[in-house]
Amino acid sequence: MAEKLTHPERYTITAALPYTNGPLHIGHLAGVYVPADIYARYLRLNGNDVAFVCGSDEHGVAISMKAKKEGITPKEVIDKYDGIIRKSFQEFGITFDNYSRTSREIHHKTASDFFVKLYEQGDFIEETTAQLYDEEAKQFLADRFVVGTCPKCGHEEAYGDQCENCGSTLNATDLINPKSTITGTVPTTKETKHWFLPLDRYEDFLKEWILVGHKSDWKPNVYGQCKSWIDDGLKPRAVTRDLDWGIPVPVEGGEGKVLYVWFDAPIGYISSTKEWAEREGKDWEPYWKDENTKLIHFIGKDNIVFHCIIFPAILKAHGDYILPENVPANEFLNLEGNKLSTSKNWAVWLHEYLEEFPDMQDVLRYTLTANAPETKDNDFTWKDFQARNNNELVAILGNFINRVVVLTNKYYEGIVPTPSEFSQVDKETLEQLRKFPEIISSSIERYRFREAGQELMNLARLGNKYLADEEPWKVIKQDEERVKTIMFVALQIATGLSVLSEPFLPFTSEKLKNILAINSEEAVSSWAEVSTKETLLPADHKINKAELLFRKIEDSEIQAQLDKLEATKKANENENKELMPQKDTITFDDFTKLDMRVGTIVEAEKMPKAKKLLVLKVDTGLDTRTIVSGIAESFTPEEIVGKKVTVLINLAPRALRGVESEGMILMTENADGKLVFVNPDEDGVGNGEGIS
């Protein structure tokens with residue numbers, strides 16, 4: 001059974017390595033990076049020794065696919081997106097102790113050494129298997145270069161490693177009707193040699209370690225997925241691939257092959273720790289090999305199997321490494337009711353958000369925390385984002401701080417007043433304040449960050465209620481000494497908020513500390529002191545002038561974001577729309593037989609007992625004729641009278657429901673499937689003008 005570390009000497013925190021095939025979006029932030037950063041910041045505030053590591057995942061098929069699509073090299077892809085991702089993390093305030101790259105030499109060596117050690121210990125099995133092969137591209141097809149029908153749910157666009165519809169992990173050869181994403185051809189099968197990690201050898205260990213040891217402390221979604229895998233029986237898993245982009249297999253017979261990205265990527269946590277330790281003059285090994293270290297992996301649910309089964313099996317096989325104590329994986333975040341999609345541009349991109357909402361990092365952090373998909377998939381909406389900001393950050397936290405600071409400056413020129421006698425309400429309020437660090441800690445240490453964030457807001461609510469009940473702006477007229485005590489108590493709450501908000505709202509915390517001028521040794525500085533220090537902000541301390549912590553978000557700003565998403569949706573619909581194939585080629589003489597003229601609709605009425613037909617009178621310039629047109633579902637008769645149209649006038653007459661139609665009006669369809677007139681709108685174009 002896994003032994004729980006109650007007082008670890010140090011913490012190693014890892015956040016899933018983002019693929020450098022695109023920028024970061026809010027799904028990445030909500031699933032991994034915001035909760036990981038809250039946890040790391042909290043631990044540091046408590047004086048813990050923390051190594052918080054991450055890095056760009058720069059190998060694997062996703063990179064190769066992006067390079068082929070953009071017509072550039074994989075190196076150009078990873079350099080481009082590593083730059084965007086790295087800058088976004090920095091501006092958003094994610095406090096990695098080290099952010100590395102798996103393309104760096106230190107990682108290549110670390111991953112290669114891991115492979116060689118396991119190879120020499122006989123931990124791999126070598127097999128020649130039939131793999132999918134693209135005859136046209138002359139290459140084996142790695143997982144993501146194959147799409148087909150999922151054998152488990154029938155989804156027709158499943159990848160060779162995973163079905164994104166049902167979440168099943170697959171092998172490319174499992175797919176029904178597989179197709180190469182490189183050439184679109186149906187692949188053949190061809191034999192190739194690979195090394196496999198025999199996961200079945202680790203079944204007993206994993207059952208004991210996870211199903212027994214972590215039954216009570218791992219999240220149900222994580223435990224359940226692991227149990228399902230183990231109960232189904234574990235099978236050998238390939239650790240090499242036939243690719244030309246990645247870490248070369250470092251043993252004889254490995255020519256033309258690379259380490260499978262899910263073997264090398266988790267080892268990136270170790271190489272990133274090494275890089276950090278080397279820079280800081282530390283020893284990296286205790287952070288990965290000492291039993292008094294608590295290792296925590298922050299990931300999304302699509303990575304559970306790799307971090308809870310495959311990577312621990314690799315670490316166990318190596319023999320020198322500790323195992324994760326917890327893997328608090330989150331579910332997925334959707335956007336406005338639809339699944340986030342990089343390929344379809346259905347996302348809120350972090351680098352764009354930072355440009356469009358400058359200095360509002362904490363609003364997004366707060367919204368993503370308040371709506372985090374901790375136990376089930378959740379939905380991000382721009383309306384909720386606005387409401388969280390206006391109704392909570394502005395109206396509760398911002399309002400409390402503003403009132404405290406404005407009144408302190410108004411009554412005492414910014415000097416913290418000396419309190420007189422504390423009433424029972426004052427004592428109870430200060431006692432409640434002292435309980436909040438433990439309340440919030442309890443939630444954070446159980447990885448319930450939504451709950452923790454709401455408890456922080458409850459402290460601001462306590463402050464607002466205290467001021468509303470005590471009404472210093474009224475009492476000042478009768479009892480100035482009483483108001484000194486009220487404001488002193490309120491300032492203690494504000495100071496507690498400046499410390500306890502730091503993991504959740506780091507930019508706001510810094511701004512609040514500046515307003516309160518908390519920069520001296522006499523003021524509170526650590527998490528525990530909010531509970532233990534009798535006075536958080538001493539009398540006679542001078543604070544600065546009021547400054548708004550948050551601004552209101554207007555409806556127009558939200559509408560602009562909704563319009564942007566709507567444009568994306570339309571673009572996707574147009575891209576996916578099946579166009580009518582080109583008809584048989586005609587000669588110029590064939591074209592000249594068509595007599596198309598400009599006309600004007602002068603009368604229009606519905607065809608009796610016909611849903612789609614309108615009977616039109618059209619002035620063609622030569623005559624006024626009757627044309628029956630199937631446009632009744634897109635237009636009312638009233639809105640098209642007077643409309644200029646393009647008319648084919650030498651079409652043989654045809655009787656439709658007893659009405660003879662003498663021509664055809666030219667139409668097309670928009671993205672919504674609505675009919676649109678192919679239309680001569682220029683001024684000065686008269687009826688009867690020919691079209692050529």
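Predicted model: local features only at pLDDT ≥ 70, side-chain atom pairs only at ≥ 80, totals over all residues.

**Stop one: helix α6.** Select residues 220-232, the 13 residues of α6. Now show side chains for N221, V222, Y223, C226 and I230, which are buried. What do the buried residues of α6 pack against? Bring up α5 (203-212) and α9 (304-318), and there are the partners. Before moving on, click G233, which follows α6 and has a positive phi, near 90 degrees.

**Stop two: α13 and α16.** Select 424-445 for α13 and 480-500 for α16. Their axes lie 10 Å apart, at an angle of about 5 degrees. With under 35 degrees as the cut-off, the two helices therefore count as roughly parallel. To see the contact, show D426, T429, L430, L433, F436, P437 and I440 on the α13 side, and R482, T485, V489, Q492, I493, G496 and L500 on the α16 side. Colour this contact by residue class and you'll find eight nonpolar, four polar and two charged residues.

**Stop three: the sheet.** Switch to cartoon and follow β5-β4-β9-β10, an open, antiparallel sheet of four strands. β5 (139-140) and β10 (237-238) are the edges; each has a single partner strand, so one side of each has no neighbour in the sheet. Zoom in on β9 (188-197), which pairs with β10 over two bridges. Finish on L197, which sits opposite R237 of β10.

Notes
Residues numbered from 1 in each chain as written. Heavy atoms only, no water. Expected span 1.5 Å × (residues − 1). Buried < 20%, exposed > 50% of the residue type's maximum accessible area, 1.4 Å probe, protein only. Contact = heavy atoms within 4.5 Å. Axes fitted to C-alpha atoms, helices over the stretch in contact; angles between N-to-C directions. Parallel < 35°, antiparallel > 145°, perpendicular 65-115°, else oblique. Nonpolar A, V, L, I, M, F, W, Y, C, P; charged D, E, K, R; others polar. Pairing = 2+ DSSP bridges.
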